[in-house]
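Visitor: I've got a model open and would like a quick tour. Could you walk me through it?

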Amino acid sequence: MSPAKTGAAGAHNAKVMNRFDLTKRLVGRLKRDEAVVGGIGNANFDLWASGQRPQNFYMLGSMGLAIPIAFGVAIAQPQRHVIALEGDGSLLMQLGCLATVAMRAPKNLTIVVWDNGIYQITGSQPTASESSADLVAIARGAGLANSAWAADEDDFDRLFATALKDGGPSLIAARIDHQPGVGATDRDPVQIRARFMQGLGVKR
Ligand SMILES: Cc1ncc(C[n+]2csc(CCOP(=O)(O)OP(=O)(O)O)c2C)c(N)n1
């Protein structure tokens with residue numbers, strides 16, 4: 001008997017949306033100086049293609065670090081809102097960060113999870129969220145009470161606007177389709193770090 005679907009595919013009725021469309025909506029809502037940390041692969045490809053800003057950081061090479069990096073920035077610069085964009089596979093590799101974020105509870109941190117149910121960039125192997133794991137339920141269980149699936153694009157806009165206005169930490173999960181990322185981040189980590197430090201006003 002195959003297991004009942006309880007993950008993103010089965011536990012809720014959220015619409016399947018497009019990551020690039022939602023990324024553009026999110027970037028369009030930024031006022032100016034918010035920091036945005038894109039996770040490895042498609043999360044940062046679409047962030048790159050949505051318009052580069054010195055306050056954007058593009059993670060290369062390691063899965064699961066968008067949230068830990070954004071968390072560190074949020075603690076270091078409490079006046080600045082910080083947004084992490086992470087894929088489901090990457091978050092599943094680093095679930096402990098949710099408990100750490102909840103314990104420290106920075107008000108200026110918003111986490112966005114792009115759940116396509118696959119490790120797309122390495123060949124579309126299924127992730128646990130495709131069948132059994134509900135990332136919003138996991139986040140709530142970790143202590144992030146302010147966690148929700150975006151029901152559709154308007155709901156995503158509303159949840160993100162509320163996260164920016166009311167403060168967090170908040171987690172917004174979006175079911176997304178299998179369209180590949182649109183851009184391709186320059187693979188120049190030294191420049192990415194230097195620009196980000198400039199964008200955060202900490203360049204020596
Ligand atoms: C620690 C680690 N393990 C494995 C990889 C290989 N890898 C790179 S991206 C990726 C899949 C990422 O999946 P997800 O975060 O869901 O993003 P998607 O590709 O679906 O957009 C894998 C397995 C890696 N870069 N780092």
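**Around proline 106**

Guide: Proline 106 sits in the loop between α5 (96-104) and β4 (109-115); helices (H or I, at least four residues) and strands (E, at least two) are DSSP runs numbered from the N terminus. The model is predicted, so local features need pLDDT of at least 70 and side-chain atom pairs pLDDT 80 or more, while totals for chains, interfaces and linings use all residues. Residues are numbered from 1 along each chain as its sequence is written, and side-chain values use heavy atoms, without hydrogens and water.

Visitor: Is proline 106 buried or exposed?

Guide: Buried means under 20% relative accessible area, exposed over 50%, partly exposed in between (1.4 Å probe, protein chains only). Proline 106 touches Phe71, Ala74, Val101, Gly168 and Pro169, leaving out residues up to four places away in sequence; contact means heavy atoms within 4.5 Å. With a relative accessible area of 6%, proline 106 counts as buried.

Visitor: How far is a polar side-chain atom of asparagine 42 from an oxygen atom of the ligand?

Guide: Asn42 is among the closest of the 16 residues surrounding the ligand, where near means a heavy atom within 4 Å. A polar contact is a pair of N or O atoms within 3.5 Å. For asparagine 42, the distance is 2.9 Å.

Technical notes:
Polar contact = N/O pair within 3.5 Å; in protein donor to acceptor, adjacent residues only side chain to side chain.
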